[in-house]
Amino acid sequence: MYRWDELDAGHLPSLDAPKWSMRREEILSRWLPVVGELPTPCEPTYQVLADEHASGHRRLHIVFPTADDDQVSALLLLPETPGPWPAMLALHPTSDDGKGDIAVASGRTNRRYGLELAQRGYAVLAPDTITAGERIRAGDSPFHTARFVDEHPRLSPVGKMIADHRQAVSVLGSVPGIDGTRIGVIGHSLGGYNGWFLAGLDDRVKAVVSSCGFVTFAGDPDRRRWGQRAWFSHFPALSPMLERGLVPFEFHEILALVAPRPLFTWLALQDEYFPNWPQATRALDQVWDLYRALGAADAMVTWVGHGGHDFPAPVREAAYAFLDRHLRPATATASTTVIP
């Protein structure tokens, strides 16, 4: 258990690379109780509700079942080029439109990374998270999780998202034409941290791109964002600890669970939601030291630059090139077009 004042003073927990295997298990022992009781993915199946041709790909509107008897709505984008294709799980940010924000042409500027990856030759699965898109329950507002918290006291809302995303990885691996050994995850903001939360608990994910999705408790002006709130609650179990000025982990410990798999992170210096980039960069330095100790220094790339809470075109291009290096065969080529 860590104290806020110690973290703010720069006392970030060490990742202890020489004893990483033991340290990793110790981190998991503090992380998993906060996440909650994750169900094991069930046999992957999906139902196609609509199948249409879009610009350079097929777009399938699907639903797939989860182990807790839920249904996840998603868009599955399949390239028109011959497979086998590398695949990406594309996770949306906090947008009422959910998957529509990132996987169709009507999505917001600088958010259509699911669509852009499909146009580069990746198979892409873009699911709605709970409380967004087609999964906004009658009587609820978007991203209000109070009903879920009441109904599922043993699983956090983010834990539910991780469980649904693990099922999505299973679905991706079952789609004909997809190379299930080359699956990555990409996301911005909410989707950015959900991506590395997922990868840390599912080694089927071979590469991670996180845009404006890494933050530390250290220096965060709104640390209580991670506990129970009136609208979107991340981890309700954190709230009693947060009220006492304590946290059971620092987020670079959780990010380190991805190591040594490829990891691309973008931090914006004028991010209005996560302004504590100096502390975040110091924490990322520790994660890179771990990658280096594991012989994978080239597998971790961090971009830090000017801008707000956004995923601008130059950063997306760098992220896509990073994914190409790690998920495509050496002989593969791809377009570098970014939708304006």
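Predicted model: local features only at pLDDT ≥ 70, side-chain atom pairs only at ≥ 80, totals over all residues.
Trainee: Is strand β10 buried or exposed?
Mentor: 6 of the 6 residues of β10 (residues 263–268) are buried, so the strand is largely enclosed by the rest of the structure. Buried means under 20% relative accessible area, exposed over 50%, and partly exposed in between, with a 1.4 Å probe and protein chains only. Strands (E, at least two residues) and helices (H or I, at least four residues) are DSSP runs, numbered from the N terminus.

Trainee: Which way do its side chains point?
Mentor: Leu-263, Thr-265 and Leu-267 point one way from β10, and Phe-264, Trp-266 and Ala-268 point the other way.

Trainee: Which strands pair with β10?
Mentor: Strand β8 (residues 205–211) pairs with β10 in the parallel sense over 4 bridges, and strand β11 (residues 300–305) runs parallel to β10, joined by 6 bridges. Two strands pair if DSSP finds at least two bridges between them. Val-209 has Phe-264 as its bridge partner in β10, and Leu-267 has Val-304 in β11.

Trainee: Which residues of α10 are buried?
Mentor: They are Gln-279, Ala-280, Ala-283, Leu-284, Val-287, Leu-290 and Tyr-291. They cover an arc of only 135° around the axis, which puts them on the same side of α10. That arc is taken from the directions from the helix axis to the C-beta atoms.

Trainee: What do they pack against?
Mentor: The buried residues of α10 pack against α2 (20–35), α9 (251–255), β10 and β11. Contact means heavy atoms within 4.5 Å.

Trainee: Changing topic, which residues touch the most other members of the largest nonpolar core?
Mentor: Leu-125, Trp-196 and Phe-197 do, in a core of 80 residues. Helix α6 (residues 157–174) gives the largest share of this core, 7 residues. A nonpolar core is a set of buried Ala, Val, Leu, Ile, Met, Phe, Trp, Tyr and Cys residues joined through side-chain atoms within 4.5 Å.

Trainee: What is Phe-197 in contact with?
Mentor: Leaving aside neighbours within four places in sequence, Phe-197 is in contact with Trp-31, Val-158, Ile-162, Phe-235, Phe-251 and Ile-254.

Trainee: Where are the cis peptide bonds you have noted?
Mentor: One joins Gly-83 and Pro-84, with omega about 0°, and Pro-84 is in the loop between β4 and β5 (85–91). Another joins Ala-259 and Pro-260, with omega about 5°, and Pro-260 is in the loop between α9 and β10.

Trainee: And what about Asn-110?
Mentor: Asn-110 has a positive phi of about 70° although it is not a glycine. It is found in the loop between α3 (100–103) and α4 (113–119), and is buried, with a relative accessible area of 17%.

Technical notes: Residues numbered from 1 in each chain as written. Heavy atoms only, no water.
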